[in-house]
Amino acid sequence: MLSCPSTISLSSRTLNHLADCIRSRRKQQRSRWRRLDPGRQALLVLAHLRNGDTYTRLAAGFAVGVATAWRYVQEAIALLAAVADDLAAAMQRIRRLAYAILDGTLIPIDRVADQKPYYSGKHQRHGVNVQVIADAAGRLVWASPSLPGAVHDLTAARAHGIIGALTSANVTTFADKGYQGARSSVRTPFKRHRYRPKLSRRQKAVNHTHAKIRARGERAISTLKTWKVLAKLRCCPRRATTIVQGILVLHHVEANCYAR
């Protein structure tokens, strides 16, 4: 079998944080000898999440079995997801923002038992819907639990309580046309309809400015998807929430903007 060196575009701060979590867990469980020490296990997990390395490649690279690599990854993701912020905790930061940007994204999946709920007509593929909140600079603040890809963005935002939380906090939020009807503190662009076939010059100018603001929110989604495991989830869709929450914790440690 051929091998080659590789890199992970993360700092040692993220590696040390994950290794400390694993070390604490092992100490709490009074775990006996493991094949990999906490640092090596953390490196294996980051290679999977950041670079999207498969369990087969991880097993070969770290000289462990495929089942062991899978178990190490699942253990670490569960540890990270357990300390991830929920919406109430995230709102403590969001309410201090000048304004927020709300957008939804589809994370592709390939293992679907029930095809219809996970098929997104907008994206023409199967996946899970994740709602993302960004700040005025386009930095990722929070990502929601996943819902089947067929769920509309506005429906997903309401299901997670995002619209109500933003309204209660009186945070001005910019969103795309998919959130038309949210009202309250959510600002959406003007949309043509049968009673308004053309937009006025002022409305077009407002939409142009609105689009420039929302474009910063795309940075947050791009940041989330720099974790290559999200390029296409090859696991049960029900595990998507845990993976996204674990990645969110690591992102905040790496960015050191909203570190715990």
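Let me begin with conventions. Because the model is predicted, local features need pLDDT of at least 70 and side-chain atom pairs count only at pLDDT 80 or more, while totals for chains, interfaces and linings use all residues. Residues are numbered from 1 along each chain as its sequence is written, and side-chain values use heavy atoms, with hydrogens and water left out.

I turn to the overall architecture. The chain contains 9 helices and 7 strands; these are DSSP runs, H or I of at least four residues for helices and E of at least two for strands, numbered from the N terminus. Its C-alpha trace spans about 70 × 40 × 30 Å along the principal axes.

Of the 260 residues, 46% count as buried. Here buried means under 20% relative accessible area, exposed means over 50%, and partly exposed lies in between, with a 1.4 Å probe and protein chains only. Among contacts with a separation of 6 or more, 61% come from residues 24 or more positions apart, a contact being heavy atoms within 4.5 Å.

Next, the charges. There are 44 positive and 14 negative side chains, and the centres of the two sets lie 6 Å apart. Lys and Arg count as positive and Asp and Glu as negative, without His and the chain ends; each charge is placed at NZ of Lys, CZ of Arg, CG of Asp or CD of Glu.

How many salt bridges does a search of the whole structure find? The search finds 5, where a salt bridge is a side-chain nitrogen of Lys or Arg within 4 Å of a carboxyl oxygen of Asp or Glu. In one of them, Glu75 pairs with Arg34, with the closest N and O atoms 3.3 Å apart. Glu75 lies in helix α4 (residues 66–82) and Arg34 in the loop between α1 (12–29) and α2 (38–51), so this pair ties together parts that are 41 residues apart in sequence. Glu75 is buried, at 17% relative accessibility.

Asp53 and Arg57 form a salt bridge at 3.7 Å, N to O. Asp53 is buried at 13%, whereas Arg57 is exposed at 55%. Asp135 and Arg139 meet at 2.7 Å; Asp135 is buried at 2%, and Arg139 is partly exposed at 41%.

Ser146 sits in the loop between β4 (140–143) and β5 (147–148) and is buried at 14%. Beyond its neighbours within four places in sequence, Ser146 contacts Val128, Asn129, Val130, Pro237, Ala240 and Thr241.

Arg30, in the loop between α1 and α2, has a positive phi of about 55° although it is not a glycine; Arg30 is exposed at 76%. Gln124, in the loop between β2 (119–120) and β3 (125–134), is not a glycine either and has a positive phi of about 60°. Gln124 is exposed, at 55% relative accessibility.
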